[in-house]
Amino acid sequence: MQFRHCPMCGEALEPRPIGDEGLVPFCVQCDRPWFSFSYPCVICTVMNETGDRVLLIRQPEVQGRYISVAGYVKQGETIEETARREVLEETGLTAVQVRFVKSYFYDKRDQLMFGFGVRVREGALRLSCELEDACWFSVEEARKLLRQGSIGIQLLEDYLLHK
């Protein structure tokens, strides 16, 4: 997010040099800089306990493509708690292992995504109202279904590399 007005007082911000940061939006009224930021979120490669099946989801706005479980970090929540919560909320499955893999920056939405491998016990899926489908796939099937170049496929490959 790029600030144009001060979130505290509403004054227009002006660029001001701040150390090594270069020009930073600055509020003269509040006498403070406002650095741009990205909204943190998690993305999860959800696997069964044996690690041979991948759970992918489908949301209406993704036009029929299968994707990885993802969601925003809520205020006061750790990224590990977010990964557990998102998997539970979207699929109804409880994480038995959550492991940070790598962070990714998603330009399209200005998001910093924290990638996790999440192991769950396979069971009955209870899908969130946000989803139209969720299915278990072999690792090879998941590789074909996830969009090439997407963060979802990058995370799957990174997770499998360090499994």
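Start with Asp31, in the loop between strand 2 and strand 3. Strands here are DSSP runs (E, at least two residues) and helices are DSSP runs too (H or I, at least four), numbered from the N terminus. Asp31 has a positive phi of about 55°, although it is not a glycine. Its relative accessible area is 57%, so Asp31 is exposed. The cut-offs are these: buried is under 20% relative accessible area, exposed is over 50%, and partly exposed lies in between, with a 1.4 Å probe and protein chains only.

Before moving on, note that this is a predicted model, in which local features need pLDDT of at least 70 and side-chain atom pairs count only at pLDDT 80 or more, while totals for chains, interfaces and linings use all residues. Residues are numbered from 1 along each chain as its sequence is written, and side-chain values use heavy atoms, with hydrogens and water left out.

**Stop 1**

Two strands count as paired if DSSP finds at least two bridges between them. Strand 1 and strand 2 (residues 23–27) are joined by four bridges in the antiparallel sense. To see one, pick Glu14: its bridge partner in strand 2 is Phe26.

**Stop 2**

Now show strand 7 (residues 95–106) and strand 8 (111–120). They run antiparallel and are joined by 10 bridges. Phe105 has Leu112 in strand 8 as its bridge partner. The two strands form a hairpin with four residues between them. Which residue in the turn has a positive phi? Select Asp110, where phi is about 50°. Asp110 is a residue other than glycine. At 30% relative accessibility, Asp110 is partly exposed.

**Stop 1: salt bridges**

A salt bridge here means a side-chain nitrogen of Lys or Arg within 4 Å of a carboxyl oxygen of Asp or Glu. The whole structure holds 11 of them.

Stay on strand 7 and pick Lys102. Its side chain meets that of Asp158 in a salt bridge, 3.8 Å from N to O. Asp158 is in helix 3 and Lys102 in strand 7, so the pair ties together parts 56 residues apart in sequence. Asp158 is buried, at 19%.

Next, select Glu122 and Arg53. Their side chains form a salt bridge of 3.3 Å, N to O. This pair links distant parts of the chain, 69 residues apart: Glu122 sits in the loop between strand 8 and strand 9 (133–138), and Arg53 in strand 5 (residues 53–58). Glu122 is partly exposed at 40% relative accessibility. Arg53 is also partly exposed, at 29%.

Then go to helix 2 (139–145). Glu140 forms a salt bridge with Arg143, and the closest N and O atoms are 2.4 Å apart. Both residues lie in helix 2, three residues apart, about one turn of the helix. Glu140 is partly exposed, at 43%. Arg143 is partly exposed, at 25%.

Finish this stop with a group selection. Glu77, Arg85, Glu86 and Glu89 are linked in a network of salt bridges.

**Stop 2: two surface patches**

Patch residues have over 30% relative accessible area and no salt bridge; like charges are joined within 9 Å, and nonpolar side chains (Val, Leu, Ile, Met, Phe, Trp, Tyr) within 5 Å.

Arg147 lies in the loop between helix 2 and helix 3 (151–161). Arg147 is partly exposed, at 43%.

Last, select Met1, Phe37, Tyr39 and Tyr72. They form a nonpolar surface patch, with about 380 Å² of accessible area together. Accessible areas come from the Shrake-Rupley method with a 1.4 Å probe; for residues, only the protein chains shown count as cover. Met1 is in the segment before strand 1. Met1 is partly exposed, at 34%.
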